[in-house]
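Welcome, and please open your viewer. We will go from one selection to the next, with a word on what to find at each stop.

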Amino acid sequence: MLDFSHEERCYHCGACAQKCPTGAIQMEMGNDGFLYPEINEEKCIHCGACDRVCPHLNWEQKMPRLEDRTCFAAVSTINEQYKSASGGVFYSLARYFLQQGGYVAGCVWDDTLTARHIVTNRLDEVERMRGSKYVWSDTTEIFREISELLKCGEKVLFTGTPCQVAAANNYFGKQENLLTCGIFCHGNTSPQMFALWKKDMEAKYGKMENVVFRYHGPDGNDNAVQITFQSGKKVRQEINENRFMRGFSENYFGSESCKDEKCQYKEGNIPGDILIGDFWGYTGKKISKWMSAVICTPTGVTIFKKLEEECLVEILPSELSKITEKNGYLIHGTHINPLQHEFIEMAKQRGFLKAYNKLGTMSWYKNFLYKIKLGKIKKFLKK
Ligand SMILES: Cc1cc2nc3c(=O)[nH]c(=O)nc-3n(C[C@H](O)[C@H](O)[C@H](O)COP(=O)(O)OP(=O)(O)OC[C@H]3O[C@@H](n4cnc5c(N)ncnc54)[C@H](O)[C@@H]3O)c2cc1C
Ligand code: SF4
Ligand code: SF4
């Protein structure tokens with residue numbers, strides 16, 4: 001009956017609660033803002049269903065090792081690329097699935113700007129899945145929904161972090177109609193800390209409507225965070241200036257399960273027929289400014305060949321060593337900041353921005369100097 005330290009090892013996927021036949025498991029928010037299972041022992045019938053789906057207890061994914069998979073550099077030919085985080089190949093894959101009459105499961109912002117997995121066969125909803133939401137996405141209802149679709153013989157593409165893909169694999173077992181696509185992942189962040197950052201921003205600008213964490217749109221060619229408010233105001237910040245993204249990269253509010261060796265989904269054990277990520281440091285023929293790195297099992301290769309035939313992607317062969325050179329998180333986990341606990345408590349009591357300004361490396365005066373420096377560089381480049 002899920003006999004391990006949840007605070008240390010749980011991936012917050014909610015697979016256990018969805019599989020439990022008596023409803024004995026509820027997902028409750030822990031001190032760090034992530035959801036954890038709470039088991040009502042009076043309702044538990046000791047059937048072991050939760051144990052069998054848990055991605056911590058059943059971590060071995062029986063996948064070919066990364067070096068035995070096929071690697072590509074790729075770019076979508078149909079996506080307005082600025083709407084995605086890198087080469088937009090997720091969108092090409094998802095469109096192919098919809099064309100085949102299938103469903104796609106992935107992460108969207110819901111009406112309250114909470115990151116949540118949905119499953120859909122509608123193009124407008126798949127479009128909302130584009131772009132990385134660097135916050136833990138709520139999967140606590142999705143496996144049941146997908147299960148119903150698979151029972152009816154529908155084809156489903158499941159996308160998410162490797163631990164979410166592992167939970168899906170455990171939940172559904174081997175299924176001909178299920179294709180999985182994992183994203184390269186260096187760790188996740190607490191939805192509670194995101195909500196506190198949002199609250200601080202809303203106090204300044206009013207209700208927030210959308211956040212694009214990796215905006216590289218036509219009206220600005222840099223990697224920026226773009227925040228849209230209900231008033232129509234748009235705030236655009238360099239990634240380095242945005243306190244949420246800085247807190248994320250300084251690891252102040254990650255999940256304990258992403259830490260170092262705790263994430264069991266690294267190296268040879270990363271699940272997903274297809275894995276997609278940023279091709280950092282790409283040196284081959286450049287078809288686009290933002291290139292995706294793709295790693296496929298034989299099933300994934302078959303799908304990618306079809307995408308190429310349908311002119312949905314352009315692909316160039318590549319090698320694993322070139323992908324991992326700048327993407328070491330495929331191999332190792334992330335380091336949690338030793339001040340994480342202090343940060344979280346301070347953010348809860350005094351607000352996110354105050355906690356960041358006190359503990360983060362980018363204090364307000366460093367930010368001020370950064371802006372001056374940035375202004376000078378931009379001026380110099382314009383000359
Ligand atoms: C938390 C997180 C950490 C990441 N870490 C790395 C990394 O270390 N190195 C790297 O190369 N790439 C990383 N990525 C992936 C990268 O940012 C792109 O998502 C990936 O390259 C796919 O890009 P795309 O242009 O094909 O598609 P996009 O349109 O950018 O991506 C959409 C896909 O991402 C999924 N997605 C978006 N947000 C989430 C979320 N919160 N949880 C689960 N799935 C989500 C959607 O379901 C969809 O499948 C990370 C993404 C996330 C969400
Ligand atoms: S199934 Fe998921 S939510 Fe439940 S204990 Fe295991 S990792 Fe945690
Ligand atoms: S680093 Fe590992 S545990 Fe953390 S979100 Fe990514 S796959 Fe899951």
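The tour starts with the whole chain and then visits the ligands.

This is a predicted model, in which local features need pLDDT of at least 70 and side-chain atom pairs count only at pLDDT 80 or more, while totals for chains, interfaces and linings use all residues. Residues are numbered from 1 along each chain as its sequence is written, chains are lettered from A and ligands numbered from 1 in the order in which they are written, and side-chain values use heavy atoms, with hydrogens and water left out.

**Whole chain.** Show the protein chain as a cartoon: it has 14 helices and 13 strands (DSSP runs numbered from the N terminus, helices being H or I with at least four residues and strands E with at least two). Its C-alpha atoms fill a box of roughly 65 × 55 × 40 Å along the principal axes. The radius of gyration is 21 Å, which agrees with the value near 21 Å for a compact globule of 383 residues (taken over C-alpha atoms; the rule is 2.2 Å times the number of residues to the power 0.38).

**Ligand 1.** Next, select ligand 1 and the 35 residues around it; Ala85, Ser132, Lys133, Val135 and Asp278 come nearest (a residue counts if one of its heavy atoms lies within 4 Å). Now look for polar contacts (pairs of N or O atoms within 3.5 Å; within protein, one must be able to donate a hydrogen and the other to accept it, and residues adjacent in sequence count only if both atoms are side-chain atoms):

- A ligand oxygen is 2.6 Å from a polar backbone atom of Ala85.
- A ligand oxygen is 2.9 Å from a side-chain N or O atom of Thr159.

The protein covers 99% of the 890 Å² of accessible area that ligand 1 has on its own (Shrake-Rupley method, 1.4 Å probe; for residues, only the protein chains shown count as cover). Colour helix H4 (89-99) and strands E4 (103-109), E6 (156-160) and E11 (274-278), the elements that give two or more residues to this shell. E11 gives the most, with three residues.

**Ligand 2.** Select ligand 2, whose surrounding residues include Leu2, Phe4, His12, Met27 and Pro55.

**Ligand 3.** Which residues are around ligand 3? They are Tyr11, Pro162, Cys163, Cys185, Gly187, Asn188, Ser257, Cys258 and Cys263.
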